[in-house]
Amino acid sequence: VMLMLASLVPFGTISASAVESISGDGTPGNPYLIGTPEGLKKFREIVNGGQYGAYAKLISDIEINPGIECGTSGYLGDKEPEENKNYIIKYFEGVFDGQGHTISGLYNNKYTQEAGLFYHPTGAVIKNLNIDRSYIKSFLYGGMISVATDTTVINCHSNAYYDSRGEEIEIGGMAGRAYNSKFISCTNTGQITSYHYHRCEQRFGGIVGLAENSTFVDCKNTGKLDANEYNMGLSFFGGIVGDANNCSISYCSNDALLAPLGKVMYDTEGVGGIVGSLKGESSVIGCINNGIIYEDSGGKTAGGIIGSCPYDSYKESKIRDCLNTGTVYIGDVSLNTFIGNMYYANISIDNCFTRGCFVHYLTADVYSKLKISNSYYEDREVRYTTSYGDYKTELNNTIKFTDEMRTSGEIAY
């Protein structure tokens, strides 16, 4: 009779109650195997209890709040979801391999700095993990990871709603803030929204909000980044990184609408298809923006590739093989700029294409330098200039393209 009953159970189907919540010992050869919400809670307890360098793998998708749908303002329906505070892994130094599985239903409806699945991984590897159907509020850091240090994130994907309110905020689909970290083949399709009515500093990126000494390769954003029209802060919006200092960003793309309300912030520091604000000895190589960008603060800091390049005359940032096909609005005017504002900076642009001008507003002194080589533009190299002394500009083989060039196939855009 027992054999007959067993034959009625579908192959591969095992009830959650019949399975241990977690197995393994967390070593490289015997990693923790996690396949249920209970197992994820247990792993959190293990790591937060002191086994920071644990190895773990997901063995199935995990749905934390089954049947609960999330929208831009929280969960939809009458049932209050379980908060994700029971799942947050605080200080992680090991390897977490999602093996292509998805964790869905993460939910945080309280403004807290510990909002993502991982709070502060250091020297960790997080890979092959998907976050879906989730809603996360934060007043400080937000993303799948709150703050990443010396951490590598590979082939991870986020489709969550991020809602931020605070005096100093960093939000990204992958991480709010990143130091000396790498993000490889990561994507964001979730929406990131700022709600704030006071002066504050905010850095929002499709992948990372604020990044220093970090690397981004083959990352893509299709998630909308926006702000309410009463936001009066100093803010940075970037399709990939909101604010990048000494970073390398290669072969990344943005197809999303950035700051779509039109009335974004009174003191916007940078809205860029790839990077909101680019600083230090950074490089942006082989990146494409197809998204529509709005900036309405009057600061002229919106660009298809870079929003602004602030003061840093002694360090050169390089932009190469990049393409902007997206429309860039400053106020109600479509200008399609490549870089919105270059302010006492040292920038070189090579083999790039823009449907407008390369720099919308250039403020320069004797230490500033702008070099544009082997590049095509539709409008002009620089639209407006304010100079204090003789700044250096080099234009080598910069070409204003025509319709004839497009129809002849000389250029493809």
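1. Val366 is placed in the loop between strand E42 (359–365) and E43, where helices (H or I, at least four residues) and strands (E, at least two) are DSSP runs numbered from the N terminus. With a relative accessible area of 37%, Val366 is partly exposed, the scale being that buried means under 20% relative accessible area, exposed over 50%, and partly exposed in between (1.4 Å probe, protein chains only). Together with Tyr311, Tyr314, Tyr343 and Tyr367, Val366 makes a nonpolar surface patch of about 580 Å². Patches are made of residues with over 30% relative accessible area and no salt bridge, like charges being joined within 9 Å and nonpolar side chains (Val, Leu, Ile, Met, Phe, Trp, Tyr) within 5 Å; accessible areas come from the Shrake-Rupley method with a 1.4 Å probe, and for residues only the protein chains shown count as cover.

2. A word on the basis of this note: this is a predicted model, in which local features need pLDDT of at least 70 and side-chain atom pairs count only at pLDDT 80 or more, whereas totals for chains, interfaces and linings use all residues. Residues are numbered from 1 along each chain as its sequence is written, and side-chain values use heavy atoms, with hydrogens and water left out.

3. The structure holds 10 salt bridges, a salt bridge being a side-chain nitrogen of Lys or Arg within 4 Å of a carboxyl oxygen of Asp or Glu. One of them joins the side chains of Lys279 and Asp243 at 3.2 Å, N to O. Because Lys279 belongs to strand E29 (residues 275–279) and Asp243 to strand E25 (residues 241–245), this pair ties together parts that are 36 residues apart in sequence. Lys279 counts as partly exposed at 24% relative accessibility, whereas Asp243, at 2%, counts as buried. Both residues also belong to a network of salt bridges that links Glu170, Arg177, Arg203, Asp243 and Lys279.

4. A second salt bridge is formed by the side chains of Glu394 and Lys369, at 3.6 Å, N to O. Glu394 lies in strand E45 (residues 392–400) and Lys369 in strand E43 (residues 369–377), so that parts 25 residues apart in sequence are tied together by the pair. Glu394 counts as partly exposed at 30% relative accessibility, and Lys369 counts as partly exposed at 28%. A further salt bridge is that between the side chains of Arg380 and Asp379, at 3.1 Å, N to O; here Arg380 is partly exposed, with a relative accessible area of 34%.

5. Backbone geometry deserves a check at two asparagines. Most residues other than glycine have a negative phi. Asn155, although not a glycine, has a positive phi of about 55°; its place is in the loop between strand E12 (152–154) and strand E13 (157–164), and it is partly exposed, with a relative accessible area of 31%. For Asn213 phi is near 50°, again a positive value in a residue other than glycine. Asn213 is found in the loop between strand E20 (208–212) and strand E21 (215–217), and its relative accessible area of 40% makes it partly exposed.

6. The count of aromatic pairs comes to 14, where rings of Phe, Tyr and Trp (its six-membered ring) pair if their centres lie within 6.5 Å, and planes under 30 degrees apart count as stacked, over 60 as edge-to-face and the rest as tilted. Tyr91 and Tyr119 form an edge-to-face pair, 5.9 Å centre to centre with 75° between the planes. This pair links distant parts of the chain, 28 residues apart, with Tyr91 in the loop between strand E6 (74–76) and strand E7 (95–104) and Tyr119 in the loop between strand E8 (107–108) and strand E9 (125–138). Tyr91 is partly exposed, with a relative accessible area of 41%, whereas Tyr119 counts as buried at 9% relative accessibility.

7. Phe338 and Phe358 are likewise an edge-to-face pair, at 5.2 Å centre to centre and 70° between the planes. Phe338 is buried, with a relative accessible area of 0%, and Phe358 counts as buried at 0% relative accessibility. Elsewhere, ring pairs link Tyr32, Phe43, Phe92, Phe96 and Phe118 into a cluster.
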